[in-house]
Amino acid sequence: MPIHCKLSTLLGEKRMKMIELSKETGISKTTILNMYHDRVNKIHYSIISRICTVLECSIDDLLEFTPESEEAMEEYRRKEPKADE
């Protein structure tokens with residue numbers, strides 16, 4: 001996946017524990033844990049907004065786009081469901 005969550009880095013810089021972020025944002029511990037370990041496939045805008053507000057950061061600080069190779073992108077496009085399906 002070409003988008004990576006940098007929550008672990010942000011929490012380290014802010015010296016904040018996952019449980020603290022969960023309490024301050026109202027986001028479940030499981031969601032925070034999965035984001036921390038970069039194991040999420042989708043994130044609701046409201047979650048991004050709450051995390052950025054509490055950590056006083058931008059979306060760019062939280063998420064990173066890293067283009068993949070053209071071969072990987074072609075494979076992804078083949079697996080992606082068509083809009084009319």
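Where is the place of isoleucine 27? Isoleucine 27 lies in the loop between helix H2 (18–25) and H3; helices here are DSSP runs of H or I with at least four residues, numbered from the N terminus.

A word on the model before we go on. This is a predicted model, where local features need pLDDT of at least 70, side-chain atom pairs count only at pLDDT 80 or more, and totals for chains, interfaces and linings use all residues. Residues are numbered from 1 along each chain as its sequence is written, and side-chain values use heavy atoms, with hydrogens and water left out.

| Residue | Relative accessible area |
|---|---|
| Isoleucine 27 | 3% |
| Cysteine 5 | 9% |
| Cysteine 52 | 9% |

Setting aside residues up to four places away in sequence, isoleucine 27 touches Ser22, Ile32, Ile47, Arg50 and Ile51, where contact means heavy atoms within 4.5 Å.

Now to the largest nonpolar core, which has 17 residues. Such a core is a set of buried Ala, Val, Leu, Ile, Met, Phe, Trp, Tyr and Cys residues joined through side-chain atoms within 4.5 Å. Helix H4 (45–55) is among the elements that give it two or more residues, and H4 provides the largest share, five residues. Met35 is one of those with the most contacts inside the core. Beyond its neighbours within four places in sequence, methionine 35 meets partners including Cys5, Leu7 and Leu62.

What about disulfides, pairs of cysteine sulfur atoms within 2.5 Å? The whole structure has zero.

Definitions and conventions. Buried < 20%, exposed > 50% of the residue type's maximum accessible area, 1.4 Å probe, protein only. Disulfide = S-S within 2.5 Å.
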